[in-house]
Amino acid sequence: MDLLDRLLGHDAGTTRLLLERCQELTDEQLDRRFDIGHRSVRATLLHMIRNVEAWADLMNGQPVRVAEDGNVAVMKARLDRAAADLARAARAVAERNGWDERFVDTLDDPPAEKSYGGAIAHAITHSMHHRAQVLYMLRKLGLENVPEGGCTELGAEK
């Protein structure tokens, strides 16, 4: 396993761990408003997943998929697909050493060129930033034994 595999595995795995813990929450708790992130656990998680989907689609040269809402089970399935798509794009970049190659981000207005390496780094750090917000919200909701998102060994298996 190399560092890229570890980072991508950790990123997807820690987000999935949070989603699994969110299965314990009611819809009211998932949608309770906070003064952080995208204002609720559900909205913040949906934003995180959407970000991975969009970057994966852009880097894989595919049309950006339509955003969906959903319950925790739907979000887990979306995350699994998006994380696999992002890993496929990142692995292809690594294999050709194409970190500085550019692609067009058609979601920007106007569309703008981005580097593959920068986009991959952004996708991973973006999720980490929002996981911290979700952890804060889960603690405020009284969920016990909330995992520390940055201290797991997720991504180490292979």
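**View 1. Helices H1 and H3 in the predicted model.** Helix H1 spans residues 3–22 and helix H3 spans residues 41–59. Their axes come within 12 Å and cross at roughly 150°. Angles over 145 degrees count as roughly antiparallel, so H1 and H3 are roughly antiparallel to each other. The crossing in which H1 passes H3 is left-handed. Two packed helices are described by the angle between their axes and the distance between the axes.

**View 2. Residues in the contact of H1 with H3.** From H1, the contact is made by Thr-15, Leu-19 and Cys-22. From H3, the residues that make the contact are Val-41, Leu-45, Met-48 and Ile-49. Of the residues in this contact, 6 are nonpolar and 1 is polar, and no charged residue takes part.

**View 3. Arg-42 and the residues around it.** Arg-42 is found in helix H3. Its relative accessibility is 13%. Buried means under 20% relative accessible area, so Arg-42 counts as buried. Not counting residues up to four places away in sequence, Arg-42 touches Asp-27, Leu-30 and Asp-31, and also Gly-70, Asn-71 and Met-75.

**View 4. Arg-39 in the loop between H2 and H3.** Helix H2 covers 27–31, and Arg-39 has its place in the loop between H2 and H3. Phi of Arg-39 is near 80°, which is a positive value in a residue other than glycine. The relative accessibility of Arg-39 is 37%, so this residue counts as partly exposed.

**View 5. Asn-97 in the loop between H4 and S1.** Helix H4 covers 72–95, and Asn-97 is found in the loop between H4 and S1. Asn-97 is a residue other than glycine with a positive phi, near 55°. At 59% relative accessibility, Asn-97 counts as exposed, since exposed means over 50%.

**View 6. The cis peptide bond between Asp-109 and Pro-110.** Asp-109 and Pro-110 are joined by a cis peptide bond, with omega at about 5°. Pro-110 lies in the loop between two strands, S1 and S2. Strand S1 covers 102–105, and strand S2 covers 112–115.

Terms used:
Residues are numbered from 1 along each chain as its sequence is written. This is a predicted model: local features need pLDDT of at least 70, side-chain atom pairs count only at pLDDT 80 or more; totals for chains, interfaces and linings use all residues. Side-chain values use heavy atoms; hydrogens and water are left out. Axes are lines fitted to C-alpha atoms, for helices over the stretch in contact, and angles run from 0 to 180 degrees between N-to-C directions. Helices (H or I, at least four residues) and strands (E, at least two) are DSSP runs, numbered from the N terminus. Angles under 35 degrees count as roughly parallel, over 145 as roughly antiparallel, 65 to 115 as roughly perpendicular and the rest as oblique. A crossing is left-handed if the near helix is turned anticlockwise from the far one by less than a right angle, and right-handed if clockwise. Contact means heavy atoms within 4.5 Å. Ala, Val, Leu, Ile, Met, Phe, Trp, Tyr, Cys and Pro count as nonpolar, Asp, Glu, Lys and Arg as charged, and the others, Gly among them, as polar. Buried means under 20% relative accessible area, exposed over 50%, partly exposed in between (1.4 Å probe, protein chains only).
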